[in-house]
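Reader: I would like to go through this structure with you. Could we begin with the terms and then turn to the details?

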Amino acid sequence: MKSLLIKNAQIITMNHADEIFTGDIFIENGIISNIGKNLACDADQIINAENRTVIPGFIQTHVHLCQTLFRSRADDLELLDWLKKRIWPLEAAHDEESIYYSALLGIGELIESGTTTIVDMETVHHTEAAFQAIAGSGIRALSGKVMMDRGDDVPMELREKTADSLQESVDLLEKWHMFANGRIQYAFSPRFVLSCTEELLKEVQRLSEIYQVKVHTHAAENQEEIMLVEQQTGMRNIEYLDYLGLANKRLILAHCIWLDEKEKKIIKDRGVNVSHCPGSNLKLASGIADIPGLMEMGVSLSLGADGAPCNNNLNMFQEMKLAALIQKPKHGPSAMKAKEVFKMATIGGAKAVGLEKEIGSIEIGKKADLVILNLHHFHTFPSFEADPISRIVYSASRDNVETTIINGEIIMENH
């Protein structure tokens, strides 16, 4: 693996001291081996990043690569109609080739906009093809096949037998977990309570503990969903997941909009990770999650774009800006400050995936997942006396991303 020296950059470290300074980053074998000013290192490649800003790569903790080809084909619907009328029939129509190219299209968009790590939920079938796309692209990912063994409205093509769903998931885990020197990991991915039997969810909990892998699912996204869960289980979403033993540090929950106080306490006490998806929540009219309240409680928070048909972009810049803006009318202008949101997009995401010692900040010994931004555009200027993180959260866009580096490898250079 080539060594790489990035020189003369403004470096936003996101380390414990929140240091921002101008200097150099030296990368060897995919690892940041030195950071400082005027480093004299013999590197195979040198990038002069003068007038550029280097940030940790964005970490999106909830995406659906299998849905990228559905962009603009499921607009102006609420969640359950969106699933029943459009998304489930479209997912049922996938074959291996369409899954592969849907994943590649999504990954290209993610890399282009500075995302270096994703937590991805696929569909029921052909997940192997998505893993092949992930492996070839260079992106860092936790991914898994979706699990669905119940639901009257679920197309027969997506309805699984419980044992088959579990066996296929384990087979994929044993092949792909820690693939490419750990760049790819597996996450069990039951879709949500309404599409999963209690037998399946209990077994997912058991297998997650045995293999020590993440569980990635949706919860408390939609009020009708919650009503149906209560009718079926006698409990609200988070209470039910806790009853099954799933509420722990290995659980990544997308959305969590409609939580009561008991559910919030479960999430906090069990160390559950919440992935906030503001663009999707607004478009599906699902609601606005109480992120300031969860933040005050010390809940593990991160960001995700969700899928292309409910967003319609996989763009972390859009998610950061929305995450900040949608809270201000209710909680005041100082709610969700730029730095808080930027942390959710970087080190917060790293904590959610259990990799905070490896990615999410620019520090010696961490993996070199980095993004080089050119903030010298009309829409991000002037820079004088401006907070660089505020410029990124409130003004920047994917157009500002020049270079994306994952594991020390340049995946995209000069756009």
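Author: Let us begin with residue classes: Ala, Val, Leu, Ile, Met, Phe, Trp, Tyr, Cys and Pro count as nonpolar, Asp, Glu, Lys and Arg as charged, and the others, Gly among them, as polar. This is a predicted model, in which local features need pLDDT of at least 70 and side-chain atom pairs count only at pLDDT 80 or more, while totals for chains, interfaces and linings use all residues. Residues are numbered from 1 along each chain as its sequence is written, and side-chain values use heavy atoms, with hydrogens and water left out.

Reader: How do the residues lining the largest cavity divide into those classes?

Author: The lining has 4 nonpolar, 4 polar and 3 charged residues. A cavity is a set of points, on a 1 Å grid over the protein atoms alone, where a 1.4 Å probe fits but cannot get out; lining residues have an atom within 4 Å of a point.

Reader: What is the volume of the largest cavity?

Author: Its volume is about 100 Å³, counted as the space filled by probe spheres set on the points, which are joined across faces, edges and corners. The search of the whole structure finds 1 cavity of 30 Å³ or more.

Reader: Which residues line the largest cavity?

Author: Among them are H64, W82, R191, H218, E221 and D306. Helix α1 gives the largest share of the lining, 3 residues. Helices (H or I, at least four residues) and strands (E, at least two) are DSSP runs, numbered from the N terminus.

Reader: Is D306 buried or exposed?

Author: D306 is buried, at 3% relative accessible area; buried means under 20%, exposed over 50%, and partly exposed in between, with a 1.4 Å probe and protein chains only. D306 sits in the loop between β14 and α11, and its phi is near 70°, a positive value in a residue other than glycine.

Reader: Where is N312, and what kind of peptide bond joins N311 to it?

Author: N312 is in the loop between β14 (300-303) and α11 (316-325). The bond joining N311 and N312 is cis, with omega about 10°.

Reader: Changing topic, how many residues are in the largest nonpolar core?

Author: That core has 106 residues. A nonpolar core is a set of buried Ala, Val, Leu, Ile, Met, Phe, Trp, Tyr and Cys residues joined through side-chain atoms within 4.5 Å. Helix α1 (residues 79-92) contributes the largest share of this core, 7 residues.

Definitions and conventions: On a 1 Å grid over the protein atoms alone, a cavity is a set of points where a 1.4 Å probe fits but cannot get out, and a pocket is an open set with protein on both sides within 12 Å along at least five of seven lines; lining residues have an atom within 4 Å of a point.
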